[in-house]
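Here is a short tour of one chain, written for someone who likes to check the geometry alongside the text. Have your viewer open and follow along.

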Amino acid sequence: MRSLASIVLGFESLVLALVTPVMISIANIRPAVALPVCLGLAVLALLATGLLRNQVGYALGWVVQVGAVGLGFVVPVMFVLGLAFAAFWVMAIVLGRRIEAAKQAHTG
C-alpha cells in the first residue's frame, strides 16, 4: 500500500508545484499567497510520502487531497486534477490493502 500511495503523492507534489505559476500568472493571485499555498501543499505531499510508515503519513495524504481539490476554487482546472489525484489516492489505499492481504494469505 505504501509504495502505491507514495507514487501518487510524489506525482501530486509535482503538479502542486507547477500550479504555482498558473495561480500567479493566470488567476492573478499574489506570489505572497500562491507560493506558500501551492509549494506548502507540495512539501506536505512529500512529507506525507516520507511518513507513510505511520498512520500520520496517510492522514497528511488526505489533507493534501482536500487541499488539492480546494485549489479548484482559485484555479478551476484543479477541481479536475484534484479529484483525479484523490481518486488515485483512494485506489492506492484500497488496492494496496488488497495486495497486502493477498501477500499475507499467500505466505501465512
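## Ground rules

The expected span of a helix is 1.5 Å times one less than its number of residues. Helices are DSSP runs of H or I with at least four residues, strands are DSSP runs of E with at least two, and both are numbered from the N terminus.

Please keep in mind that this is a predicted model, where local features need pLDDT of at least 70, side-chain atom pairs count only at pLDDT 80 or more, and totals for chains, interfaces and linings use all residues. Residues are numbered from 1 along each chain as its sequence is written, and side-chain values use heavy atoms, with hydrogens and water left out.

## The chain as a whole

The chain has four helices and zero strands, and its elements follow the order α-α-α-α from the N terminus. Along the principal axes, the C-alpha atoms fill a box of roughly 55 × 25 × 15 Å. Of the 108 residues, 32% are buried; here buried means under 20% relative accessible area, exposed means over 50%, and partly exposed lies in between (1.4 Å probe, protein chains only).

A contact means heavy atoms within 4.5 Å. Among contacts between residues at least 6 apart in sequence, 66% join residues at least 24 apart.

## What the record says

An unreviewed UniProt entry carries the annotation "transmembrane region" for residues 6-26, 33-53 and 73-95. UniProt positions are given in the numbering used here, feature names are shortened, and annotations may be inferred rather than shown by experiment.

In the model, residues 6-26 are 95% helix and 0% strand, with end C-alpha atoms 30 Å apart. For residues 73-95 the figures are 83% helix and 0% strand, and the end C-alpha atoms are again 30 Å apart.

The C-alpha atom of proline 21 is 8.6 Å from that of leucine 35, 14 residues apart along the chain.

Asparagine 28 belongs to the loop between H1 and H2. This residue has a positive phi of about 55 degrees although it is not a glycine, and it is exposed, with a relative accessible area of 64%. Its C-alpha atom is separated by 9.6 Å from that of valine 74, 46 residues apart along the chain.

## Helix H3 and its buried face

H3 has 16 residues and reaches 23 Å from first to last C-alpha, close to the 22 Å expected at 1.5 Å a residue. Its buried residues are Gly57, Tyr58, Leu60, Gly61, Val64, Gln65 and Ala68. Seen down the axis of H3, these fall within an arc of 160 degrees, so they line one face of the helix; the arc is that of the directions from the helix axis to the C-beta atoms. Gln55 and Val66 are exposed on the other side, while the cover over the buried residues includes H1, H2 and H4.

Leaving out residues up to four places away in sequence, glutamine 65 touches Leu9, Glu12, Phe85, Ala86 and Trp89. A polar atom of its side chain lies 3.4 Å from the backbone nitrogen of alanine 86.

## The nonpolar core

A nonpolar core is a set of buried Ala, Val, Leu, Ile, Met, Phe, Trp, Tyr and Cys residues joined through side-chain atoms within 4.5 Å. The largest one has 25 residues, and those with the most contacts inside it are Leu16, Met23, Tyr58, Leu71, Met78 and Trp89. Helix H1 (2-25), helix H2 (31-50), H3 and helix H4 (77-107) are the elements that each give two or more residues to this core.

Tyrosine 58 touches Met1, Arg2, Ala5, Leu52, Trp89 and Ile93, again not counting residues up to four places away in sequence.

Definitions and conventions. A polar contact is a pair of N or O atoms within 3.5 Å; within protein, one must be able to donate a hydrogen and the other to accept it, and residues adjacent in sequence count only if both atoms are side-chain atoms.
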